[in-house]
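New notebook page. I'm opening this structure for the first time and jotting down what I look up as I go.

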Amino acid sequence: MKTFKKLCISILGVLLSIGFASHYAFAAITVSTGTFLDQKGRPEKVCPGTCEMRGLAWDGRWLKQPSTGLGLCECDQPTPIIVMSPQPAPACVANNQVICKTFELLNEYTEFGSCNKKRCALGIPRDALANYEIEIKDGLAYYKSDSTKFTSWSGGNKQTLYVIDARDGGHIYFVNVDGQYIQARGTANCLGSSVPQNASTSTCSIPRATTHAGILMGFMVGLPVDMTKVKPGAEIRIPKYQNITVIGAGTVVVSNGDIQQITNDSSNFKPTQEDFQRTLKFFNTKGVKAFPPSAGCPYEFVPLPGKNGVFSQVNIYDKKCERL
């Protein structure tokens, strides 16, 4: 069975990588029928219903219980067919207020992707995204879900990604990442195991990682699929391409709620200098007053070495416009 499961997972990874229909793989459960089965067709009549009553699907195999001779059916967890819709990429229209980019779903959110030569779960699950939303109170950044002050990880290549979802007037999300591996909050944890809340998923056998696009991708398309609400054999269609519209994206440095630096460093969305100015204005309207255009202070964009078109803006005094 272990060899069979590994084979299924390997096949699934290949199918997903080329965009064909695929199935989730699950371990079989042996269920008693309470009656005798034989090789004359009764298993095909009895086992489907036996499994379905338990919310499962018959995998076509059966056997006899050694002690009683009663029939046993092997039932699998529901195995929905995941179909990538083949239509061409939809039009993605940007304007002078938002950035609109089209992403291929498999490249940004799939449980069988890879990152840093390790099999990873990419993206933030749909039911976990709210745990990363930020609100500004008295000029400081707080997690909206539990009202705790946000602080960036420090040391090594740890950093904080931000995206501003352009829908519904704009929502700010801060995600601490250890390389690509994320800070676990809510259900955004490892696959098949877990780390403590607020720890890095980098130590997981199948860790969760993300990109700027991956932060929003799971929410946009409803991934991962909620298996408890899927009937056996159901077909689930998800788009091959997804448009994501943001006001801004990049990195931030935050200490005990105080936002000290903002950049437009996002390889997914590639914000321009003009986009970056709109990002700073958005933070300003939400209550972050330590950045232009507060008090008429000028922008002081500092180019980041080795990154074309990427800039940093540090916070300033509101009145004197001096760099901290």
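Predicted model: local features only at pLDDT ≥ 70, side-chain atom pairs only at ≥ 80, totals over all residues.

**Asn-315.** I started with the side chain of Asn-315, which reaches the backbone oxygen of Ile-259 at 3.4 Å. I take a polar contact to be a pair of N or O atoms within 3.5 Å; within protein, one must be able to donate a hydrogen and the other to accept it, and residues adjacent in sequence count only if both atoms are side-chain atoms. Asn-315 sits in the segment after strand 19 (311-314). Is Asn-315 buried or exposed? I found it buried, with a relative accessible area of 5%. My cut-offs: buried is under 20% relative accessible area, exposed is over 50%, and partly exposed is in between (1.4 Å probe, protein chains only).

**Ground rules.** Residues are numbered from 1 along each chain as its sequence is written, and side-chain values use heavy atoms, with hydrogens and water left out. Helices (H or I, at least four residues) and strands (E, at least two) are DSSP runs, numbered from the N terminus.

Next I looked at an open sheet of three strands, in the order 2-4-3 and with antiparallel pairing. Strands count as paired if DSSP finds at least two bridges between them. Strand 2 (29-32) and strand 3 (57-64) are the edges, each pairing on one side only. On average, neighbouring strands of this sheet are turned by 35° against each other, direction ignored. For such angles, axes are lines fitted to C-alpha atoms, for helices over the stretch in contact, and the angles run from 0 to 180 degrees between N-to-C directions. Strand 2 pairs with strand 4 (residues 71-76) over four bridges, in the antiparallel sense. I checked one partner: Ile-29 has Cys-75 in strand 4 as its bridge partner.

**Helix 2.** What lies across these strands? Helix 2 (residues 42-52) lies across strand 2, strand 3 and strand 4, and runs at about 120° to strand 3. Which residues of helix 2 are buried? I listed Pro-43, Val-46, Cys-47, Thr-50 and Cys-51. Seen down the axis of helix 2, these buried residues fall within an arc of 115°, so they line one face of the helix. The arc is that of the directions from the helix axis to the C-beta atoms. Lys-45 and Glu-52 are exposed on the other side of helix 2. The buried residues of the helix pack against strand 2, strand 3 and strand 4, with contact meaning heavy atoms within 4.5 Å.

**Disulfides.** How many disulfides does a search of the whole structure find? I got five, counting a pair of cysteine sulfur atoms within 2.5 Å as a disulfide. I looked into some of them.

- Cys-47 is joined to Cys-73, S to S 2.0 Å. The pair links distant parts of the chain, with Cys-47 in helix 2 and Cys-73 in strand 4, 26 residues apart. The torsion about the S-S bond of Cys-47 and Cys-73 is about -80°, so the disulfide is left-handed. Cys-47 and Cys-73 are both buried.
- Cys-92 and Cys-100 form another disulfide, with sulfur atoms 1.9 Å apart. The link of Cys-92 and Cys-100 is left-handed, with -100° about the S-S bond. Cys-92 is partly exposed at a relative accessible area of 25%, whereas Cys-100 counts as buried at 12%.
- Cys-190 is joined to Cys-204, S to S 1.7 Å. I placed Cys-190 and Cys-204 in the loop between strand 13 (181-182) and strand 14 (208-209), 14 residues apart. Cys-190 is buried at 9% relative accessible area, and Cys-204 is buried at 4%.

**Thr-187.** I also found Thr-187 in the loop between strand 13 and strand 14. Thr-187 counts as partly exposed, at 43% relative accessibility. Leaving out residues up to four places away in sequence, Thr-187 touches Pro-125, Asp-127 and Ala-128. Its side chain makes a polar contact with the side chain of Asp-127 (2.6 Å). Thr-187 and Leu-129 are 58 residues apart in sequence and 8.9 Å apart in space, C-alpha to C-alpha.

**Strand 15.** Last entry: strand 5 (residues 81-85) and strand 15 run parallel and are joined by five bridges. Ser-85 stands opposite Pro-239 in strand 15. Strand 15 (residues 235-239) has a covered face of Ile-236 and Ile-238, and an uncovered one of Glu-235, Arg-237 and Pro-239. In a regular strand the side chains alternate between the two faces of the sheet.
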